[in-house]
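Here are some exercises to work through with the model open beside you. Try each task before reading its solution.

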Amino acid sequence: MTRSRWGWRMIEAVGLTKRYGAKTAVYNLSFHVRPGAVTGFLGPNGAGKSTTMRMILGLDNPTAGSVTVGGQPFRQTPNAPRQVGALLDAKAVHGGRSARNHLLSLAQLSGIPARRVDEVLGVVGLQEVAKKRSKGFSLGMGQRLGIAAALLGDPQVLLFDEPVNGLDPEGILWVRNLMKQLASEGRTVFVSSHLMSEMAVTADHLIVIGRGQLLSDMSVRDFISANSADFARVRTPDTEPQLREKLSAALSEAGAHVVPEPDGGLRVMGLPLPRISDLAHGADVRLWELSPHQASLEEAYMRMTQGAVDYRSTTDQKAGLMQQPQPGYGPPAQQVPDVPQQGWYAPPPPQPGQHPYAAPAADPRLPAGPAAAVPAAAPAPADPTKPEDPR
Amino acid sequence: MTTPYQHQGAPGAVYSSPIPIRRAHLGDAIASEWTKIRSVRSTIWTLSVMALLLVGIGLAVAAAITTSDANVEDQPILSLGFFGVLLGSLCVMTLGVLTVASEYGTGMIRTTLTACPTRGRVLTAKAIVFFALVFTVTLALTLFVGVAQVAIIDQGSPTTQEWLRSTLGVSLYLALLGLLSLAVGSMIRHSAGAITIMIGLVLLPLVMAMFMFTESLSWLQDALLEYSIPSQLGVLYDNSVTQSGPMGWEPLWIMLGIAAVALGAAYTMLNSRDV
Amino acid sequence: MASVPAVLQSEWTKIRTVSSTTWTLVSAFVVTVALSAALCALTKATFDDLSREEQFTFDPTLFSFSGMILGQLAMVVFGVLVVGTEYSSGMIRTSLAAVPQRATFLFSKIAVATALALVVGMATSFASFFIGQALLGEHRTTIGADNVLRAVIGGGLYMGLIALFSMAVATMLRSSILSLGILMPFFFLVSQILASVPKAKDVARYFPDQAGSKIMQVLPDAMGGNEAPYGPWGGLGIMVIWVVAALIGAYLVLKKRDA
């Protein structure tokens with residue numbers, strides 16, 4: 001491992017690139033992962049997370065660049081399970097073998113005694129089914145078996161690829177606490193996920209990639225402040241729409257960025273709450289609501305990766321089921337005006353049959369006005385390499 | 001939705017396991033592969049079917065000969081085991097292919113190579129365990145069948161050479177044939193494809209020879225027949241179809257050469273390919 | 001209720017989108033044609049060495065099918081994998097959820113795959129024949145000669161039936177490896193070995209491959225081949241009986257067992 005002014009670098013990737021034929025799965029990815037923290041590895045489906053994980057573990061050879069674990073390429077590790085534990089794919093087991101024999105064969109591979117197998121079976125709660133063939137395991141049980149395999153060698157570095165897939169809520173909580181505990185013991189924990197909400201409560205540090213490229217590499221707290229804006233929500237009496245206009249004008253004049261919300265409220269950015277109240281009072285506008293808000297990690301993530309989503313869902317119009325497409329069918333056209341707001345603020349509530357994040361033309365960069373306001377409202381993005389930054 | 005987090009990355013506080021770490025070696029991998037091969041049903045099945053074929057056919061042929069009072073003076077008694085072994089070789093080829101290819105089919109190979117990134121060691125361990133298993137099982141079976149046949153037929157006793165070739169020789173040959181299948185399975189990475197290729201390899205010379213009637217081609221036909229896997233096996237039993245071609249222990253060296261080349265190719269491909 | 005045309009269409013989509021289909025069918029074609037061509041070329045070059053009797057009974061048609069013994073291996077794999085991958089991938093549960101009428105499902109799948117195998121089999125048979133005859137030069141026969149067209153079409157039918165038989169067996173056994181482990185030795189060793197053992201020959205000639213391949217001979221008992229108590233169509237009929245029996249077994253297994 002390398003010690004630098006940045007601290008220990010247990011996993012270090014430099015210019016990692018992987019091409020499969022004409023498709024570039026990962027491009028020029030450089031990052032490092034430190035011990036004692038849970039590092040989330042985030043990106044939409046197909047962003048290159050698993051490919052990166054496979055390259056870290058020496059399963060795939062990078063087309064260019066290199067990656068080291070503990071200071072050396074993984075394939076030169078003298079006793080890999082004792083140094084690096086990995087959960088790649090819960091189904092990567094021979095279904096005809098029992099859970100215990102599966103773990104035993106892995107333990108023997110690095111000279112780990114058999115009683116350690118029973119220990120980790122206990123840790124993941126699979127003692128009851130240890131003798132059962134893993135073919136009959138549910139996805140959640142498979143994940144637990146994979147985690148047991150990763151823990152087998154009491155390793156310094158742990159890699160988990162989507163560890164909570166298929167787990168029940170109790171299992172998710174268990175994995176979350178397990179990862180935090182492992183990190184608090186001074187281990188390096190590198191977890192990939194496509195769920196920001198999961199990483200928000202688990203990770204200390206975030207590495208976000210999209211289309212195989214690095215989008216962001218910073219702590220969770222920095223990530224939020226860099227990518228989201230505090231704002232105030234203001235509502236004037238519904239009965240008097242002219243008050244809303246009046247307040248909006250007054251706030252804009254004072255330097256705030258004001259955006260109307262679909263339900264008649266206003267989002268105000270760039271002014272503290274007492275100042276908004278004073279301005280409202282000065283303009284003689286009564287308020288029904290004045291509340292502080294902070295954009296969630298999820299929103300920040302959505303905005304960051306919006307340009308980098310490979311598999312974007314479209315509205316299920318069910319036109320494919322129709323014998324002849326009916327023109328009037330599908331989402332009403334008047335939803336469109338709301339759309340530009342998405343990406344700065346909380347996404348609109350899900351419409352029936354419509355994915356909340358997949359409204360057509362949800363690209364925030366299209367309208368000029370609000371886009372220009374973002375840097376004013378939020379601190380400038382810390383990471384200059386971020387290619388998806390709004391213009 | 002911000003969440004407080006306690007574990008701020010603390011540089012320097014690197015965890016190290018209280019249990020000392022030693023280097024992993026080939027012995028560990030062999031233990032692991034032994035656990036793997038004995039804990040799947042396909043091993044039990046293929047070896048049981050092989051035992052059934054060797055013993056069943058071997059004893060049935062011997063019994064048929066005694067009851068029909070046929071004269072087998074001109075033919076070594078032990079060669080009666082040939083048909084059983086020929087069919088049993090299919091089981092060995094299947095097991096050899098499955099030992100590696102099933103890891104690819106299930107995805108287990110990624111788990112294995114993550115736990116043992118020294119890929120060559122995994123293949124070596126597999127080859128050693130598989131070879132030892134097949135050799136031991138075949139040796140026990142051929143010995144048993146040989147002793148039983150000599151006892152049933154009771155027409156003189158085979159020479160030591162005959163005994164050695166038809167037990168030790170045949171067992172080594174089958175185990176090497178299995179190694180070849182294992183190497184092919186490792187290169188093809190698909191069970192059905194690799195099994196088909198192995199059966200094709202056994203059949204191709206026979207099929208080609210079957211359609212070579214002409215005189216000027218007879219040398220080629222003879223060569224194809226003599227060097228086909230079934231007749232190599234037959235040579236070990238001393239009832240080769242022809243008088244030229246490989247003799248005595250030669251089939252073993254031929255198969256050793258082929259298996260070594262195939263394993264070498266399998267090593268190269270395993271080390272260079274993405275899993 | 002899924003209609004039969006819909007199920008047929010879905011099965012066609014499934015079959016043409018997996019790479020094993022292409023691989024196995026291409027191998028069946030290439031192996032048969034290439035090996036037959038090679039053997040025909042060799043035979044032409046050395047024809048004069050044949051004995052007088054062999055020259056008289058020389059069956060150019062059968063020779064141009066010589067590669068089929070190996071090529072049918074790929075057909076067996078095709079048939080087995082078409083069904084076997086449904087089980088190994090767990091796709092069968094999705095399939096039966098979409099088409100709960102198991103008979104409709106099974107026979108649609110088998111019909112589509114057999115049609116494809118027949119088309120490839122016919123193409124293989126005709127290609128093999130014409131290339132082989134071209135290479136045989138003056139010893140060739142023509143498609144218009146007695147019984148030749150029957151043999152060439154028969155070769156295609158034989159390939160299709162082999163694939164169909166394999167599908168039925170794979171449905172009964174529900175595992176690709178197990179099916180291959182039984183079919184391959186059966187077709188390529190047991191049947192061949194028994195056919196050359198004097199007494200067992202009488203039984204072996206009623207095996208599907210031995211009986212069915214009779215249709216590819218233009219001259220009965222050519223080149224010192226076995227005499228058989230049935231003609232070319234009779235042989236194919238015996239093979240069809242085997243196939244039908246296997247299909248009935250497949251249907252019963254699929255109907256009774258949990259997917």
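**Exercise 1. Find C:Leu135 in its helix, and decide: is C:Leu135 buried or exposed?**

Keep in mind that this is a predicted model.

Step 1. Start with the secondary structure: C:Leu135 sits in helix H7 of chain C, which spans residues 102-136.

Step 2. Now look for its partners. Leaving out residues up to four places away in sequence, C:Leu135 touches C:Ala37, C:Cys40, C:Ala41 and C:Lys44.

Step 3. Count the C-beta neighbours inside 10 Å. There are 21 of them, so C:Leu135 counts as buried, the cut-off being 20 or more.

**Exercise 2. Work out how H5(B) and H6(B) are arranged relative to each other.**

Step 1. Locate the pair: H5(B) covers residues 119-153, and H6(B) covers residues 160-188.

Step 2. Compare their axes, which come within 8 Å and cross at roughly 150°.

Step 3. Angles over 145 degrees count as roughly antiparallel, so H5(B) and H6(B) are roughly antiparallel to each other. Their crossing is right-handed.

Step 4. Sort the residues in this contact by class: H5(B) and H6(B) bring together 16 nonpolar, eight polar and one charged.

**Exercise 3. Describe where H5(B) meets H10(B), and which residues take part.**

Step 1. Helix H10(B) runs over residues 250-272, and it packs with H5(B) at an angle of about 145°, the axes being 9 Å apart. This crossing is right-handed.

Step 2. On the H5(B) side, pick out B:Arg119, B:Gly120, B:Leu123 and B:Ala127; they meet B:Leu263, B:Ala266, B:Tyr267, B:Leu270 and B:Asn271 in H10(B).

Step 3. By class, that gives six nonpolar, two polar and one charged residues.

**Exercise 4. Compare the UniProt annotation of chain B with the model.**

Step 1. Read the record: an unreviewed UniProt entry annotates "transmembrane region" at several stretches of chain B, including residues 44-65, 128-151 and 252-270.

Step 2. Check residues 44-65 of chain B: the stretch is 100% helix and 0% strand, with its end C-alpha atoms 31 Å apart.

Step 3. Do likewise for residues 128-151 of chain B. Here too the span is 100% helix and 0% strand, and the end C-alpha atoms lie 34 Å apart.

Conventions
Residues numbered from 1 in each chain as written. Chains lettered and ligands numbered in written order. Predicted model: local features only at pLDDT ≥ 70, side-chain atom pairs only at ≥ 80, totals over all residues. Axes fitted to C-alpha atoms, helices over the stretch in contact; angles between N-to-C directions. Helix = DSSP H or I, 4+ residues; strand = E, 2+ residues; numbered from the N terminus. Left-handed = near helix turned anticlockwise from the far one by under 90°. Contact = placed C-beta atoms within 7 Å. Nonpolar A, V, L, I, M, F, W, Y, C, P; charged D, E, K, R; others polar. UniProt positions renumbered as here; feature names shortened; annotations may be inferred. Parallel < 35°, antiparallel > 145°, perpendicular 65-115°, else oblique. Buried ≥ 20, exposed ≤ 12 C-beta atoms within 10 Å, placed from the backbone.
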